[in-house]
Amino acid sequence: MTTPEFSNHNYTYEDYLKWDGQWELIDGVPYSMAPSPSFAHQYMVGELYAALRDDFQQQRCVVVMAPFDVIFASSLDDKSAKNVVQPDISVICNREKITEKGCVGAPDLIVEVLSPSTALKDRNEKYKLYQRFEVKEYWMVDPLHRTVEVYGWHNGAYEKREVFGEQDVLVSFLYPDLKVCLHDVFQRLS
């Protein structure tokens, strides 16, 4: 196993499979997943995962937490893919996209919990990547400001649907029956 050399910005999924440690690959550029996330980050991921899992339990959708690869390619045989990420939470409603190696293609809903080391990447590179590959809904959770920004796919691009605060009930635009009481999610961070 190896690690990427940062002089090369044209890596592929085939290269990614050979690396030691936790990495993401966005447009051929490697991003280290070190250091490990903070307690607040992991706590938020756990709370949201539980809320989403409970809601989707009756549906055919699968809710998965990181580390779990999302490979933006048409198949696992496409080793030339340049985008492999590990969203904090992925909701996948087409079970044919799920393999032992990860999700091949765009999940329906992705949740990223911002942290100081990843916030710019989540707001910029990942936002653009998820929009380009038509992830239908993208949530950016900010534990510091206790907000959740919800973006939805509409007319070929993302539009900000709403920013929910800690006293709000988040309502998904993709799944209108999905409601998450954010007070319950954020209250235990105090």
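I started with Pro107: leaving aside its neighbours within four places in sequence, I find Pro107 in contact with Val70, Ser90, Val91, Ile92, Val135 and Lys136. A reminder to myself that I am working on a predicted model.

Next I asked where Pro107 is found. I located Pro107 in the loop between β8 (102–104) and β9 (109–113).

Is Pro107 buried or exposed? I looked up its relative accessibility, which is 1%. Buried means under 20%, so Pro107 counts as buried.

I also checked Pro107 against Ile89: the two are 18 residues apart in sequence, and I get 9.8 Å between them in space, C-alpha to C-alpha.

Then I moved to the hairpin. Strand β1 (residues 23–26) and strand β2 (residues 29–32) run antiparallel, and I count 4 bridges joining them. Looking across from Ile26, I see Val29 of β2 standing opposite. The hairpin of β1 and β2 has 2 residues between the strands, and I noted that Asp27 takes a positive phi there, near 50°.

My last stop was helix α4, which spans residues 125–132. Which of its residues are buried? I have Lys126, Tyr127, Leu129 and Tyr130 on my list. These residues lie on the same side of α4, because they cover an arc of only 165° around the axis.

I followed the chain past the helix, too. After α4 comes Glu134, and here I read another backbone angle: the phi of Glu134 is positive, near 60°.

Definitions and conventions. Residues are numbered from 1 along each chain as its sequence is written. This is a predicted model: local features need pLDDT of at least 70, side-chain atom pairs count only at pLDDT 80 or more; totals for chains, interfaces and linings use all residues. Side-chain values use heavy atoms; hydrogens and water are left out. Buried means under 20% relative accessible area, exposed over 50%, partly exposed in between (1.4 Å probe, protein chains only). The arc is that of the directions from the helix axis to the C-beta atoms. Two strands pair if DSSP finds at least two bridges between them. Contact means heavy atoms within 4.5 Å.
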